[in-house]
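Please look over the structure shown below before reading the report that follows.

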Amino acid sequence: MWYKIIFKLGQKLRNPSLNQQLQFLKTTEKWSLKELEAYQLQQLKKLVNNAFNHTPYYKNKLESLGITPSMITSLADLNKIPIITKEELITYNKELHSQQKLKKYVKATTSGTTGSTLNFKREEQADSFNRAAIFRGYTWYQVQPWERNGYFWGYNFSMFSQLKTKFLDALQNRFRLFKLQQQALQRFAKKLKKAHFLHGYSSLIYELAKYINTQQIEKPGLLKMVKGTSEKIYVTYQNEIEQAFGVKMISEYGAAETGIIAFECPNGNMHINMEGVIVEEWNHEIVVTNLQMQSFPIIRYRLGDYIKLAPKSKKCACGMQHRIIEEVTGRVGELVYGKKETYPSLYFYYIFKNLAKTHQLLLTYQVHQIKKGALIFLIEQTLTADELSILKNEIGNYFKNDIEITIKTAQTIIAENGKLKGFISTI
């Protein structure tokens, strides 16, 4: 009861419009695809008009291309506006901020996998909408945000930062795992008995699940949702997680600058938050337009992920008409260097997808490249001679004789500081 009161007081201070936004989203989740797209067009027109009239960057950019807001009459007209990158958001940061006076805003920061820091202001309405989109997903699992929860985030904190974080976590009825050490895992596992949901880095939730199963710790009885964010959820994680927690891990997909992009429903589909974003698949990459943020317009933003967007005809048994992202397949821009050629790191996704589909060989992996023409494959599972041969053949189908391959099996794959990456290159 007290945690609900504390949560509501904090919400009133930071996000006074959150309840209104959540009520709206609970209504729109029953809308038809036609109604959702009509709303998207309405928001897009408003977004482009505000960007044109109140941000120097878009004023100059659109005028130089002969584009005016009145030319946006359909969702297809979004293609008239050029794609923007994170580097441009950073370089033209001041010119991209709206010159409108904001009554209330929060400061947001993101570095992402590139390490380049982006700072921007997000108005209260947009911030509340983004949190409401998360909480809408929670309602699908009968979870309340003030309920007891475990969090896997932030592992390189100083001692002072850890103490400060623990205090803030205590106010939010939240406990956190800072280190993957047996004593810390043991303490965390004990606290799980009263937890209603877990969330954070998927690789670390997986490590906790393995610890619980190995130690034969009693399964938590109150958990309603285990949510992975920021990292790929490998198929190999699910059996371990269901055994440890009694539920499968679901996925939330988004970024600080775009807001929540998609949230997985209980039927296993990643529904796009269509009231908040427009998602385009451009050369297999995701391009995102944030429909709610006026303070720092994000229009046709190249986020840096490969995705597979489901056709409009795909329907979900949950009844929602929101479009579906079938797969977030990997990061864009990471190259693999052979002796003579270069290859996209997306190849790794297809190698391991083919192994699972054709040979029912489900593997957790990480690939390292420390010199050109050579790759080291770390595989968590122990492989038989036949399975090792199948893996080598599949790798050879993509890289031929241009790369020397080393495979190490029965490996522990852990990211103690930051996100777990499928491919790490030091070249």
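Are aspartate 127 and arginine 122 buried or exposed? Aspartate 127 is buried, and arginine 122 is buried as well, where buried stands for under 20% relative accessible area, exposed for over 50%, and partly exposed for what lies in between, computed with a 1.4 Å probe on protein chains only.

The model is a predicted one, in which local features need pLDDT of at least 70 and side-chain atom pairs count only at pLDDT 80 or more, while totals for chains, interfaces and linings use all residues. Residues are numbered from 1 along each chain as its sequence is written, and side-chain values use heavy atoms, with hydrogens and water left out.

**Salt bridges**

In the whole structure, a search finds 20 salt bridges, a salt bridge being a side-chain nitrogen of Lys or Arg within 4 Å of a carboxyl oxygen of Asp or Glu. Three of these pairs are set out here.

| Pair | N to O distance |
|---|---|
| Aspartate 127 and arginine 122 | 3.3 Å |
| Lysine 210 and glutamate 207 | 3.2 Å |
| Lysine 248 and glutamate 264 | 2.9 Å |

Helices and strands are named here from DSSP runs, numbered from the N terminus, with at least four residues of H or I for a helix and at least two of E for a strand. Lysine 210 and glutamate 207 are three residues apart in helix α10 (residues 202–214), and therefore about one helical turn separates them. Glutamate 207 counts as buried, because its relative accessibility is 11%.

Lysine 248 forms a salt bridge with glutamate 264. Because lysine 248 lies in the loop between α11 (235–245) and β7 (249–255), and glutamate 264 in strand β8 (residues 259–264), this pair ties together parts that are 16 residues apart in sequence. Lysine 248 is partly exposed at 35% relative accessibility, whereas glutamate 264, with a relative accessible area of 7%, is buried.

**A sheet of four strands**

Four strands form an open sheet in the order β18-β17-β16-β19, with mixed pairing, two strands being counted as paired if DSSP finds at least two bridges between them. Since β18 (404–408) and β19 stand at the edges with a single partner strand each, one side of each is left without a neighbour in the sheet. From one strand to the next, the twist averages 20°, an angle that runs from 0 to 180 degrees between N-to-C directions, with axes given by lines fitted to C-alpha atoms.

Strand β16 (residues 365–369) is mostly covered, with four of its five residues buried. Strand β17 (residues 374–379) runs antiparallel to β16 and is joined to it by four bridges, and within β17 isoleucine 376 is the bridge partner of histidine 368. The hairpin of β16 and β17 has four residues between the strands, and in it glycine 373 takes a positive phi near 85°. With strand β19 (residues 423–425), β16 pairs in the parallel sense over three bridges; in β19, serine 425 is the bridge partner of glutamine 369, and phenylalanine 423 stands opposite valine 367.

**Empty spaces**

Rolling a probe the size of a water molecule over the atoms shows where empty space is left. On a 1 Å grid over the protein atoms alone, a cavity is a set of points where a 1.4 Å probe fits but cannot get out, a pocket is an open set with protein on both sides within 12 Å along at least five of seven lines, and lining residues have an atom within 4 Å of a point.

Three cavities of 30 Å³ or more are found in the whole structure, and the largest cavity has a volume of about 80 Å³. It is lined by 13 residues, of which Ala126, Asn130, Thr258, Gly259 and Asn290 are the closest to its centre. Two or more residues of this lining come from each of α7 (124–139) and β8, and α7 gives the most, with three residues.

The second largest pocket holds about 390 Å³ of space. Its lining has 18 residues, and Lys166, Arg176, Phe178, Arg187 and Lys191 lie nearest its centre. The elements that give two or more residues to this lining are α8 (159–171), β4 (174–176) and α9 (182–191).

Terms used. Points joined across faces, edges and corners; volume = space filled by probe spheres on them.
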